[in-house]
Number of protein chains: 4
Amino acid sequence: MGSYKQLREACYEANMELPKMDLVVYTFGNVSSVDREKGVFAIKPSGVPYEKLKPEDIVVVDFENRIVAGAMRPSSDTKTHAFLYKNWEDIGGICHTHSTYSVAWAQSQLDIPLLGTTHADHNTSDIPCAPPMADELIAGDYEHNTGRQIVDCFASKKLSYREVEMVLIGNHGPFTWGKDAAKAVYNSRVLEEIAKMAYLTLQINPNAPRLKDSLVRKHYDRKHGKDAYYGQGC
Amino acid sequence: MGSYKQLREACYEANMELPKMDLVVYTFGNVSSVDREKGVFAIKPSGVPYEKLKPEDIVVVDFENRIVAGAMRPSSDTKTHAFLYKNWEDIGGICHTHSTYSVAWAQSQLDIPLLGTTHADHNTSDIPCAPPMADELIAGDYEHNTGRQIVDCFASKKLSYREVEMVLIGNHGPFTWGKDAAKAVYNSRVLEEIAKMAYLTLQINPNAPRLKDSLVRKHYDRKHGKDAYYGQGC
Amino acid sequence: MGSYKQLREACYEANMELPKMDLVVYTFGNVSSVDREKGVFAIKPSGVPYEKLKPEDIVVVDFENRIVAGAMRPSSDTKTHAFLYKNWEDIGGICHTHSTYSVAWAQSQLDIPLLGTTHADHNTSDIPCAPPMADELIAGDYEHNTGRQIVDCFASKKLSYREVEMVLIGNHGPFTWGKDAAKAVYNSRVLEEIAKMAYLTLQINPNAPRLKDSLVRKHYDRKHGKDAYYGQGC
Amino acid sequence: MGSYKQLREACYEANMELPKMDLVVYTFGNVSSVDREKGVFAIKPSGVPYEKLKPEDIVVVDFENRIVAGAMRPSSDTKTHAFLYKNWEDIGGICHTHSTYSVAWAQSQLDIPLLGTTHADHNTSDIPCAPPMADELIAGDYEHNTGRQIVDCFASKKLSYREVEMVLIGNHGPFTWGKDAAKAVYNSRVLEEIAKMAYLTLQINPNAPRLKDSLVRKHYDRKHGKDAYYGQGC
């Protein structure tokens, strides 16, 4: 697999987590892993079932969507990944799925409200749901414009992609990211759990209040703040 | 297994996907696979548990429901399969299950609305729910008339069975089809996921809008249109 | 295991289906198997986890709840089983679980309405929910009176235990039975599926109509009527 | 592992039950096991995935949260465990998870009502939901104050921690305890099932009544009363 061996293997491993974590049926998802120095990223080939996927099937493309290595066609969502890598310089991996509860919120066109500490352990705001695209953007360079829709959504809501590592595309589904591909997949699994918990909470109590600010800060900071004391500090 | 060996094995493999994909409990489902040249199709024997099913148990019948090969009684739904094969010439396989969320919609007697891109990746319209049959059709040749009910439903709604490869029978459950038996089972799994997503969406937001036409066309065409760019093109 | 070897093994096998079919957590269930000639039945010992259960742990008791064989204490629900065996002479096995959706309906104190063919394939009426017992019956011989509550419920609703092989005890959970212990467990699994489907249906459409009589008869009779054509006829 | 070998192994075994019982995703949970004679307890290290956890990773701390044995940082929730061990002298193990349905009730800020015998088999009252903490307690010694919040909740509701071995922290999730770590985990699994059953019951029938007192007493006493006859009496 030549000089991209490590990059493709990291991408392969992250993709294989999706079925293991029950985040996909059939081929409904893709993960990419970037090499910032070389200006390329590795991504799942389009339409290949996970049980048949091999590390050497992983495609390597540059930020202009040109294939650099690999014999297969890359994911049909490749341009969305490229747009995000180009615009958000600290992202190391991106994950897209059609996981059930996340899609249900996306189809509802509603942000997922911050209702508890499971959510606050990972984010300090509601999970944003970007509105469906304008017709001319859909008719144009659709996957490229999906990336733009995400970046615009974060800009208009004044969110930082470094703090909030997940988004819903209205009517479509979730995109998540992180310092590497493994973290992007981790965020997809966390998002699915938060989406399910929020759904159940509002079924039990439609008037359930948002988590109060003092708890949002406490839980986020003990995991991610400068004096974080969660984990082994490495 | 004589000259139908390949046909029966394809049928067997497709049937064995049903428990693996969590689409059945006990014997609540059946898949068939057609050989157009010979004018026959292979189908699961009636009431045989999947864990005991063997390729040689698969029954081969013609379009008039006469057994051509096999020692067992074919599925009690055989006449429905035969009717569909006779009337829809481009179908290669048919699948029937009682999967949970699909049955819930069928029992609700409601079409599954097109709410997102997961649905549009596979269909350009709501999943139709055929009304329950008239009493005289039930009292008559019930399974044959179930096939007729499906074909009539598509005719009255002006749907093409080539574009929409799934239907709900009101109060009963789903039938799906495709170019071969494996695709028919794939469609049953996809339908179950779409049914669950639509259920959850309307619980979260009872006013969730249908997917707009520009997105319906975009998602369907990028997978199935003449310039499709999803998958490996083979 | 002496002369009851076969009886205890059938009982053991049926009990071991409960965790396999996801019908129990921990020890929340029990199955019994009767020998009509000897006037005894085998039942799970009380509080023994399924992963530790062995065929020789199964207890054999007579219809007056006297232990006939086995070193352990029988299920705390033994008297309910005994009452049903004494009063309903054609039952060969009984199963009790706390499966999730069946319990939810029992706690709702509502009959499960007959909404589709999955239900009609097994029963011709709503699944009855017996009301909670009067306080004096609870304070008395509770488990014996639970059996009486079931028999009284069937009498007052004019149901035949030969046609309807399942009941919910209000606030408690399901009891099912059948020609043998394996069939009793089968009915518990079917009931759980019917309970989940009915729950989902009424969430999607609170006005979903009951299945019409012609379809109830058709589906029940094609599996259980005198001209039944489902299965292999053996 | 020196003199705490047995304590750490019991703690390890109990922690490993959490993923097996589907009570956690990733590292969202922790179990501790106390040695009352030595005045120390063993607890999961912070942020270590279950699939990588080894018995020797378990950390031993005293009731003032000082590390006594182990090379890793203990769970970020350690002070909550310590507070409960110090105040409730008969507890042998504590379990904390973010299991889905329990968290949904916690986020709803509602007690789980006692609706059936599955609940009454384990508790004689609603599962209490402690209110979210005051801002000054959150800003202070947060995890220590979480323990205080639990103890205060039981005092104000006049509940005995010996009878009710579980609580929800509003907006956060469940804590459970018991005579040892294994029982604490058992209670977490039971709570999750009760939480799901109560959710479903109120969806089916929003007016479902509480379980009447005679049945509450009967079911609790047959398992836990002085004349208990459930289990093998050992």
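Select C:Ser102. It sits in helix α3 of chain C, residues 100-108. Helices here are DSSP runs of H or I with at least four residues, strands are E runs of at least two, and both are numbered from the N terminus. This is a predicted model, in which local features need pLDDT of at least 70, side-chain atom pairs count only at pLDDT 80 or more, and totals for chains, interfaces and linings use all residues. Residues are numbered from 1 along each chain as its sequence is written, chains are lettered from A and ligands numbered from 1 in the order in which they are written, and side-chain values use heavy atoms, with hydrogens and water left out.

Stay on C:Ser102. Is C:Ser102 buried or exposed? C:Ser102 is buried, at 0% relative accessible area. (Buried means under 20%, exposed over 50%, partly exposed in between, with a 1.4 Å probe and protein chains only.)

Now show what else touches C:Ser102. Leaving aside neighbours within four places in sequence, its contacts include C:Leu168, C:Pro174 and C:Leu191. C:Glu192 and C:Ala195 are also among them. (Contact means heavy atoms within 4.5 Å.)

Next, salt bridges. (Each is a side-chain nitrogen of Lys or Arg within 4 Å of a carboxyl oxygen of Asp or Glu.) By this rule, the count over all chains is 69.

Go to A:Arg189 and A:Glu193. They form a salt bridge, with the closest N and O atoms 3.4 Å apart. Both residues are buried. They are separated by about one helical turn because they lie four residues apart in helix α7 of chain A, residues 181-204.

Switch to B:Lys157 and B:Asp111. Their side chains meet in a salt bridge, 3.0 Å from N to O. B:Lys157 lies in the loop between α6 (142-156) and β7 (166-169) of chain B, and B:Asp111 in the loop between α3 (100-108) and α4 (117-120), so the pair ties together parts 46 residues apart in sequence. B:Lys157 is partly exposed at 37%. B:Asp111 is partly exposed too, at 28%.

Last, pick B:Asp180 and B:Lys179. This salt bridge spans 3.6 Å, N to O. B:Asp180 is partly exposed at 30%, while B:Lys179 is exposed at 62%.
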